[in-house]
Amino acid sequence: MNKRLKLIFLTSSIICTVLFPSASWAQTVLQEIQQTGVLKVGIRKDAVFFGYEDGQGWKGYCTTFADALANSLSRRLNRNITVAAVRSTIQNREAIVRNGSVHIECGPNTISSAKEQVENIKYSQAFFITGTQLLVKNQNRNVNLSNTSIGVLQGSANLAAVARVYPRAEIVQFPERYLGITAVSNGKITAFAGDTVLLVGEAVRQGLSVDNFALLPSQPLSCDVYGMILPANDSQWQNSVNSFINSSEGKQAWGTWFGGLVPYLKATIDYCSR
């Protein structure tokens with residue numbers, strides 16, 4: 001090898017070492033899970049039915065889904081796969097997927113092609129559909145909400161829908177959903193806007209009587225379809241997750257947590273499925 005070729009080879013090696021310090025940069029999610037035996041899953045702790053804490057620990061659809069997915073991967077990869085649950089929030093859910101802290105984030109994530117581009121992530125296929133409604137006390141079900149105070153969760157997709165339909169209302173943003181629903185219960189605000197399933201879930205968690213509250217309007221302000229958050233540019237992992245969502249095990253996990261809610265959510269689901 002002449003000096004020129006040696007120089008080119010050496011320079012290329014240095015560049016590769018600096019830009020790509022290890023081979024892990026090209027590793028797919030399935031390869032990493034096969035190597036480590038760990039499925040890292042981001043799960044919320046503030047989204048009742050999806051991921052939440054009570055006196056008995058961390059539970060919800062996403063914990064059941066994660067365990068079932070790990071069992072499926074154990075058979076597929078021929079080794080025991082365990083779940084490492086990482087707390088996700090509405091603020092960090094995309095980042096923890098993008099930086100590799102988790103392989104998948106499971107929660108009430110409204111699918112948005114625009115957000116896929118901005119956040120450099122990918123959504124799975126839809127696994128749930130809901131809509132934006134407002135929780136009010138029964139005594140306020142006939143109040144003109146345009147001239148009232150309406151709460152909404154910071155950073156949620158519900159904000160745009162409320163601002164569009166009630167441009168004159170005073171919009172109050174809350175960092176946590178339970179704070180907004182408590183404010184309705186205490187009369188500090190007239191209504192709190194959110195996804196129907198999450199409003200129902202939080203009201204149940206707080207022990208509120210459904211006879212004392214109403215969801216308005218009957219037709220939701222917007223419809224939201226949920227998907228898992230996945231890394232971009234890993235079609236093998238995306239296909240794996242989508243296949244599992246459609247599998248009998250995936251459907252069983254869904255039915256465990258949402259099957260009993262269908263009668264309460266039927267009007268919203270029917271409207272948003274048109």
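Visitor: How many bridges join strand 3 to strand 4?
Guide: Three bridges, and the two strands run antiparallel. Strands here are DSSP E runs of at least two residues, helices are H or I runs of at least four, and both are numbered from the N terminus. Two strands pair if DSSP finds at least two bridges between them. Before we go on: this is a predicted model, where local features need pLDDT of at least 70, side-chain atom pairs count only at pLDDT 80 or more, and totals for chains, interfaces and linings use all residues. Residues are numbered from 1 along each chain as its sequence is written, and side-chain values use heavy atoms, with hydrogens and water left out.

Visitor: Which residue is the bridge partner of aspartate 54 in strand 4?
Guide: Glycine 57. The hairpin from strand 3 to strand 4 goes through two residues.

Visitor: And what joins strand 2 to strand 3?
Guide: Two bridges, again with the strands antiparallel. Aspartate 46 stands opposite tyrosine 52, and alanine 47 stands opposite glycine 51. Strands 2 and 3 make a hairpin with three residues between them. Phenylalanine 49, in that turn, has a positive phi of about 85°.

Visitor: In what order do the strands sit in the sheet?
Guide: 2-3-4, in an open antiparallel sheet of three strands. Strand 2 (46–47) and strand 4 (57–59) are at the edges, each with a single partner strand, so one side of each has no neighbour in the sheet.

Visitor: Switching to helices. At what angle do helix 2 and helix 3 cross?
Guide: Roughly 85°, with the axes of helix 2 (residues 29–36) and helix 3 (residues 61–77) coming within 11 Å. Axes are lines fitted to C-alpha atoms, for helices over the stretch in contact, and angles run from 0 to 180 degrees between N-to-C directions. The two helices are therefore roughly perpendicular, a label for 65 to 115 degrees; under 35 is roughly parallel, over 145 roughly antiparallel, and the rest oblique.

Visitor: Which residues make the contact?
Guide: Leu30, Ile33 and Gln34 of helix 2, with Leu73, Arg76 and Leu77 of helix 3. Contact means heavy atoms within 4.5 Å.

Visitor: How far apart are the axes of helix 7 and helix 8?
Guide: 10 Å, at an angle of about 75°. That makes helix 7 roughly perpendicular to helix 8. Arg177, Tyr178 and Ile181 in helix 7 meet residues of helix 8 including Leu198 and Glu202.

Visitor: Helix 9 next. Which residues are buried there?
Guide: Trp237, Gln238, Ser240, Val241, Phe244 and Ile245. They cover an arc of only 160° around the axis, which puts them on the same side of helix 9. The arc is taken from the directions from the helix axis to the C-beta atoms. Buried means under 20% relative accessible area, exposed over 50%, partly exposed in between, with a 1.4 Å probe and protein chains only.

Visitor: Now loops. Is proline 220 buried or exposed?
Guide: Buried, at 6% relative accessibility. Proline 220 lies in the loop between strand 11 (213–216) and strand 12 (223–231). Leaving out residues up to four places away in sequence, proline 220 touches Gly131, Thr132, Gln133, Thr268, Tyr271 and Cys272. The C-alpha atoms of proline 220 and cysteine 272 are separated by 8.2 Å, though the two are 52 residues apart along the chain.

Visitor: And where is serine 146?
Guide: In the loop between strand 7 (121–137) and strand 8 (149–153). Serine 146 is buried too, with a relative accessible area of 15%.
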